[in-house]
Every structure is written in structure tokens, then in C-alpha cells.
Amino acid sequence: MRLNFPPCEIKTKEIENKTYLFDIVRKKWMVENPEEIVRIHCVNYLISHIEVPISMIIIESLIKLYNTVKRIDILVKRKDNSNFLLVECKSPSIKLTPRVFEQITRYNLTVKSDYLMVTNGLHHVFYQFDFQEGKHRFLSGLPKYS
């Protein structure tokens, strides 16, 4: 499947008829599935084009939201430990509906990231959240990491 990310090299291996992809952030082999492919491409995009240091990327972190535990896909931290970017990755077969945006917006109530990205690998939506106004504004892309 051709995704809408810049090309990147992904290490793969086969074990017992299953394909595994190497996650450079977690430094481990992950079973290939559509969402994992999107996540790995997105991480490579963040490192190579947004200039995010690999040490500032957190994958599948747990957060507490309304007495439940949720798992966020990608979180990019700043050096001061504030949150630069929250990313929600979906399989390419999942449409980016208002429900997906509601999900990441709810997560951001806890995370409080300045920038949000939703991607299914084919379509990417970027926006910035203004906490004082309680509003978001859509962006054509992400700023370089700072």
C-alpha cells in the first residue's frame, strides 16, 4: 500500500509466516498491521521532516481520562517536558470522521499538546489548539520542532 508520507526505509523480518516491522523509537519488532505501518511512517516523517529528535518521541503512552485508561499513539515532548505534538494514527481503511477528531480532542484535555495531527497514512490533518480560547485552527502542515 502506498501511503502519503515521504519514502522511508523500514526494517522488516518474517517469523512463522508473520511480518514484523522494526520500531526505531521503542527499539523492538512489532507485528505488521495497517495502523502500525502508518505509525512507523509517521514517526519517520516527524524525524526526517519536522526534525523531532527520536529521544522526544513517545509511542503508545497510557493516559487517564475520566476514570478510564486510554492509549495515545504518538506524543512528542519538548525539552522542557511540555507537549509539542499529539498524533492519532488510524489504518488507511479508516476515514477521518468527526469522531476521530473528537477522540484526539478528548485525549488532549489531559495531554495539553499545542499541536495535533490525525492521519490514516493517506490523509493528514494538522491543527493547533488555543487553550485560552478553547478553539483549534487548522494548519497546512506542522512547524519545525522547537
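**Notes on rings and pocket**

1. The structure holds 7 aromatic pairs. Please keep in mind as you read that this is a predicted model. Two of the pairs are worth a look in detail, and a pair of aromatic rings is described by the distance of the centres and the angle of the planes.

2. Let's begin with F84 and Y115, whose ring centres are 5.3 Å apart. Their planes meet at 55 degrees, so the pair is tilted: an angle over 60 would be needed for edge-to-face. F84 belongs to strand β6 (residues 83-89) and Y115 to strand β7 (residues 115-119), so this contact ties together parts that are 31 residues apart in sequence.

3. What does the pair tie together? F101 sits in helix α2 (residues 98-111) and Y127 in strand β8 (residues 124-130), so the pair joins parts that are 26 residues apart in sequence.

4. On accessibility, F101 has a relative accessible area of 18% and is buried, as the cut-off is under 20%. Y127 is buried too, with a value of 1%.

5. K11 lies over the face of F22, at 5.5 Å from the ring centre. Both K11 and F22 turn up again in the lining of the largest pocket.

6. That pocket has a volume of about 170 Å³. Which residues line the largest pocket? They are E9, I10, K11, F22, D23, I24, R39, I40, V43, N44 and I59. By class, the lining has 6 nonpolar, 1 polar and 4 charged residues.

7. Which elements supply at least two residues each of that lining? They are β2 (18-23) and α1 (34-49). The largest share, 4 residues, comes from α1. If you colour the pocket by element, these are the ones to pick out.

Terms used:
Residues are numbered from 1 along each chain as its sequence is written. This is a predicted model: local features need pLDDT of at least 70, side-chain atom pairs count only at pLDDT 80 or more; totals for chains, interfaces and linings use all residues. Side-chain values use heavy atoms; hydrogens and water are left out. Rings of Phe, Tyr and Trp (its six-membered ring) pair if their centres lie within 6.5 Å; planes under 30 degrees apart count as stacked, over 60 as edge-to-face and the rest as tilted. Buried means under 20% relative accessible area, exposed over 50%, partly exposed in between (1.4 Å probe, protein chains only). A charge sits over a ring if NZ of Lys or CZ of Arg is within 6 Å of the ring centre and within 35 degrees of the ring normal. On a 1 Å grid over the protein atoms alone, a cavity is a set of points where a 1.4 Å probe fits but cannot get out, and a pocket is an open set with protein on both sides within 12 Å along at least five of seven lines; lining residues have an atom within 4 Å of a point. Grid points are joined across faces, edges and corners, and a volume is the space filled by probe spheres set on the points. Ala, Val, Leu, Ile, Met, Phe, Trp, Tyr, Cys and Pro count as nonpolar, Asp, Glu, Lys and Arg as charged, and the others, Gly among them, as polar.
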